[in-house]
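Let's take a walk through this model, one piece at a time. Keep the structure open beside you and turn it as you read.

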Amino acid sequence: MGADARILFSDIEPESARGIAALVEAEIDRLEQALSLFQSGSELCRLNRAGALAEPGGDLRRAVALALEIADVTGGLFDPTVQALWEAHVDWFADKTHTGLPPQAVLADARRAVDWRRVRLEPASIRLGENQRLTLNGLGQGYVTDRVAELLAAKGFSNLLVDLGEMRALAPQRDGSPWLIARSGAAPLHLGEGALATSEASGCVLGAEGTAHHLFDPRSGRSAAHWRTITVHHRSAAMADALSTALSIASAEEIEALLPRLSGTAIWATDPAGRHSTWAVGQHDGIVG
């Protein structure tokens, strides 16, 4: 899914760790064949080319269903159909004479394609609206992280941290100490269990001068500007990943309004001026800020 991958084991024999690596790599490869935009033969890429996919696999169905659920929960702040905006920006900046943002006239066609409510998840197919393309990059790394963590749990492993672009701890380290997660410009987080996902504008900038980035606001078609970074804790890495993407688009007031719908979520945000904000809904025994 375009990220480095690592798994940290606590007090395990090296041979045992190496023995599980091939199984994990096979699972990641299998999931990328469903969810990746980086592999042209994946189910997702075939869906985007054709506008419909018959008999999609279970993982693609579950990931798309989660994307549509988060879109509904967040009132469209998370929208998996923003791929059209990404493509429009990439095409614009491919012309090296373009230094400023693409004008709204250039984005008009892409903006018409952005609307998660036009995606149809049917019993035997997935269908997109006219000119729509999906991206699952807003939750895909988290989804793969969850699946790998669950695979390792089924094999009897517990004291480990899975880091596949987003992080999930099944349990603290063998001695009971949490996993220490560094953060840029803020105190580290102590993760005992559950997942952490971070979205930040600087993660993928567009244009030679970095005038745009990959976190697009579906409402305006422009890169969001409220936050420098958003980190979310949730028991599920896929949910944490999707919510960090969605909340990167939201103002502080919009986050406050969404909190009643975000049970089991903790949020750490840093704005462009370096000011920090924190919200939490429910118990978070697995995380200390």
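We can start with helix α5, residues 104–113, where L107, A110 and A113 are buried. Buried here means under 20% relative accessible area, exposed means over 50%, and partly exposed is anything in between, with a 1.4 Å probe and protein chains only. Look down the axis of α5 and its buried residues fall within an arc of 90 degrees, so they line one face of the helix. That arc is taken from the directions that run from the helix axis to the C-beta atoms. The general rule behind such patterns is that an α-helix has 3.6 residues a turn, so residues three or four places apart point the same way. Over on the other side of α5, A105, D109 and R112 are exposed.

Before going further, a word on the ground rules. This is a predicted model, in which local features need pLDDT of at least 70 and side-chain atom pairs count only at pLDDT 80 or more, while totals for chains, interfaces and linings use all residues. Residues are numbered from 1 along each chain as its sequence is written, and side-chain values use heavy atoms, with hydrogens and water left out. As for the labels, helices (H or I, at least four residues) and strands (E, at least two) are DSSP runs, numbered from the N terminus.

So what do the buried residues of α5 pack against? They pack against α4, residues 83–94. In contact terms (heavy atoms within 4.5 Å), A84, L85, A88, H89 and W92 of α4 meet V106, L107, A110, R111 and A113 of α5. The axes of α4 and α5 come within 8 Å and cross at roughly 160 degrees. Axes are lines fitted to C-alpha atoms, for helices over the stretch in contact, and angles run from 0 to 180 degrees between N-to-C directions. α4 and α5 are therefore roughly antiparallel to each other; the scheme calls angles under 35 degrees roughly parallel, over 145 roughly antiparallel, 65 to 115 roughly perpendicular and the rest oblique. The crossing of α4 and α5 is right-handed, meaning that the near helix is turned clockwise from the far one by less than a right angle, with anticlockwise making it left-handed.

Now for the sheets. Strands of a sheet pair through backbone hydrogen bonds, either parallel or antiparallel. Two strands count as paired if DSSP finds at least two bridges between them.

Two loop residues deserve a glance here. E55 is in the loop between β2 and α3, and its phi is near 50 degrees, a positive value in a residue other than glycine. At 61% relative accessibility, E55 counts as exposed. N131 is in the loop between β4 and α6 (140–154), and has a positive phi near 65 degrees, again in a residue other than glycine. N131 is exposed, with a relative accessible area of 54%.

The other open sheet has 7 strands, in the order β1-β5-β6-β9-β12-β13-β14, and the pairing is antiparallel. At the edges stand β1 (6–9) and β14, each with a single partner strand, so one side of each is left without a neighbour in the sheet. The twist averages 10 degrees from one strand to the next. Helix α7 (residues 237–249) packs on this sheet, touching β6 (167–169), β9 (194–200), β12 (229–234) and β13, and its direction makes about 30 degrees with that of β9.

Strands β13 (residues 265–270) and β14 (residues 276–281) pair in the antiparallel sense over 6 bridges, and T270 has H276 in β14 as its bridge partner. Their hairpin has 5 residues between the strands, and there G274 takes a positive phi near 90 degrees.
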